[in-house]
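Q: I have a model open and a few things to ask about it. Can we go through it bit by bit?

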Amino acid sequence: MQEGQADPGLYDFARYRERPRISWPGGKTVAVWVAPNLEYYEIDPPANPHRKSWTKPHPDVVGYAHRDHSNRVSHWRMADAMSKHGFPGSVSLSIGLCQHHPAVVADANERGWEFFSHGVYNTRYTYGMDEAQERALIEDSIHTVREATGQTIRGWLAPALTHTPRTLDLIAEYGLDYTCDLYHDDQPGPVKVKSGKLISMPYSLEVNDHYGFFVYNMSPRDYADTLIRQYERLAEEGAQSGTVMCIPLHAYLIGQPHRIGPFEEVLRHIAADGRAWIARAGEIADHYYAHHYAEAAHGA
Amino acid sequence: MALDPAYLDYPRRAEGYDHDLYPWSAIRDRSPIVWPEGKSVAVWLCVSLEWFPITPSDTPFRAPGHMATAYPDFRHYTAREYGTRVGFYRLLDAFKKAGVNASIATNGAIAERYPNIIADILADGHEIIAHSTDMNGTIATGLAEADERALIAQSLASIEAAGAPRPTGWLSIARSQSWNTPALLKEAGFDYACDWVNDELPYAFNNGLINLPLNHELSDRQIITVQQQSADSYTRQMEDAFDYLSGEAASHGGRMLPLHITPYIMALPYRIAAFEALLGRLAARPEAWFATGAQITTAWKAQQ
């Protein structure tokens with residue numbers, strides 16, 4: 001990025017008309033990917049000078065225990081609902097989970113899910129790291145996930161969405177293919193980096209379960225309705241443009257007993273609709289790089 | 001600019017938790033639980049019965065629902081008292097009508113100030129859970145250990161002095177504990193506490209104290225006060241939860257639905273009917289076992 005500039009120079013502006021149409025495999029109009037955040041939050045993390053972690057003195061019992069619910073109860077609930085309706089996960093992974101609760105990571109791996117890095121812990125922030133420290137974090141992510149799952153990470157969602165001006169350049173240099181940290185479009189697109197190639201993979205804050213339940217305070221059924229409306233619109237527009245819909249999840253939210261039933265109806269709806277290419281983030285990136293990247297990056 | 005190198009050290013990055021309070025366990029791996037009478041979903045009603053001094057304390061933090069305006073905050077002081085004087089009696093009637101028992105998490109100050117309430121609770125066969133002294137009795141790290149020990153002892157003494165049996169369960173205000181709390185609760189002789197919301201069945205801390213998870217996401221405070229949803233939406237959510245848990249229980253063993261109720265929230269005239277109807281429908285479900293915290297932890301313990 002252009003550090004210190006008013007426009008960070010992440011990508012070229014492109015209006016949502018007269019773009020080359022993205023054609024997804026099988027003639028589908030919308031690529032749908034589900035992004036479960038498999039996370040570990042520390043109970044007593046060290047302080048980052050730029051951001052506080054827990055709001056209460058440690059231990060923040062509700063904050064910590066709520067998230068721990070994922071790793072004891074709700075991961076399997078969420079994962080079973082996804083598997084039942086044919087949705088693989090593309091996991092935003094706190095890589096420390098590979099050490100703390102390897103059974104959770106193994107379950108996701110056995111289901112054929114893809115992993116990308118979400119930092120070591122969601123209580124360790126990138127803010128303030130120098131380049132060597134940020135390189136250490138990226139290298140740790142690559143090595144840890146490879147050792148735990150046999151997979152090589154291809155994407156990045158910054159831990160707790162904390163970045164430095166170097167982050168995108170560095171992940172591209174290490175050969176990662178996509179970032180989930182940019183929210184400017186419903187289609188993938190090239191990101192300008194110093195070396196290598198990088199694309200933005202549409203993730204979502206607006207239909208993230210965290211926003212649904214803790215920013216917009218939706219009921220479980222209202223959140224399910226929100227996802228269906230999001231899907232219906234993107235599937236319809238995708239006939240002309242080719243869109244991506246991401247459903248970002250946290251098991252401790254969506255896997256609560258009052259929410260998982262209505263959510264399962266969303267998966268049933270999308271799977272039965274016929275317009276969705278249900279895919280992993282890496283498959284969407286592969287298709288985009290193979291068929292659309294060169295044209296979009298021309299002059300970028 | 002760089003961060004302190006220690007920020008990239010991870011001293012507890014190893015299998016299990018980054019603390020020694022309780023062991024990891026996935027609910028799917030445990031032996032199925034069987035509740036009494038062959039029921040599959042334990043429904044645990046837990047009411048928080050609170051007394052808010054009009055002189056709030058921020059040490060270590062101000063309790064949710066506490067005074068909010070400049071002194072004297074008549075509106076919040078009296079609205080909370082409404083829950084105790086009027087709302088709580090609507091709840092007692094609703095429980096009786098549905099034929100169910102509840103756990104009443106009771107501030108010691110309630111027992112000191114309104115001993116009739118304690119008698120009414122006991123007469124209907126409900127359980128009393130210790131719930132601090134009053135709503136200034138919050139706990140967090142930073143509260144001196146001796147002060148926390150005294151707070152726990154006073155909470156118990158006030159309830160016992162009103163003629164109730166010594167509570168075997170504890171609920172902290174806002175479920176907030178210090179590092180010392182599990183040890184102090186064990187030392188005070190409690191069988192169980194309800195603060196950690198990381199599970200949906202009882203489990204044991206390393207010191208033997210049972211944690212009975214009182215899901216804050218299912219509480220009337222979270223759904224109605226924080227998320228601003230209606231009583232009808234709340235009851236729909238509880239029934240969706242019950243339905244899901246009933247299905248899960250069929251393949252994975254007994255499950256539990258905790259309903260955490262606050263008199264000044266749920267027992268208002270325009271909300272109570274929806275709650276009464278919910279109780280009636282749940283009580284009619286053949287899978288439902290309405291039980292107190294002590295009954296649930298006892299049944300669980302017998303199967304470990």
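Q: What does the side chain of A:S90 reach?
A: In this predicted model, the side chain of A:S90 reaches the backbone nitrogen of A:A281 at 2.9 Å. That is a polar contact, meaning a pair of N or O atoms within 3.5 Å; within protein, one must be able to donate a hydrogen and the other to accept it, and residues adjacent in sequence count only if both atoms are side-chain atoms.

Q: Is A:S90 buried or exposed?
A: Buried, with a relative accessible area of 0%. The cut-offs are under 20% for buried, over 50% for exposed and partly exposed in between, with a 1.4 Å probe and protein chains only.

Q: Where is A:S90 placed, and what does A:S90 touch?
A: A:S90 sits in strand β2 (residues 90-93) of chain A. Leaving out residues up to four places away in sequence, A:S90 touches A:W33, A:V34, A:A35, A:P36, A:E114, A:F116, A:R280 and A:A281. Contact here is heavy atoms within 4.5 Å. Strands are DSSP runs of E, at least two residues, and helices are runs of H or I, at least four, numbered from the N terminus.

Q: What rules sit behind the numbering and the values?
A: Residues count from 1 along each chain as its sequence is written, while chains are lettered from A and ligands numbered from 1 in the order in which they are written. As a predicted model, local features need pLDDT of at least 70, side-chain atom pairs count only at pLDDT 80 or more, and totals for chains, interfaces and linings use all residues; side-chain values use heavy atoms, without hydrogens and water.

Q: New topic. How many residues does the contact take from chain A and from chain B?
A: Chain A gives 64 residues and chain B gives 61 residues. Together they bury about 5,000 Å², 55% of it on carbon and sulfur atoms. Buried area is the accessible area (1.4 Å probe) that two parts lose on being put together, summed over both.

Q: How many salt bridges between chain A and chain B?
A: Seven. In one of these, the side chains of A:R77 and B:E248 meet at 2.7 Å, N to O. The rule is a side-chain nitrogen of Lys or Arg within 4 Å of a carboxyl oxygen of Asp or Glu.

Q: Which element gives the most to the side of chain A that touches chain B?
A: α1(A), with 13 residues.
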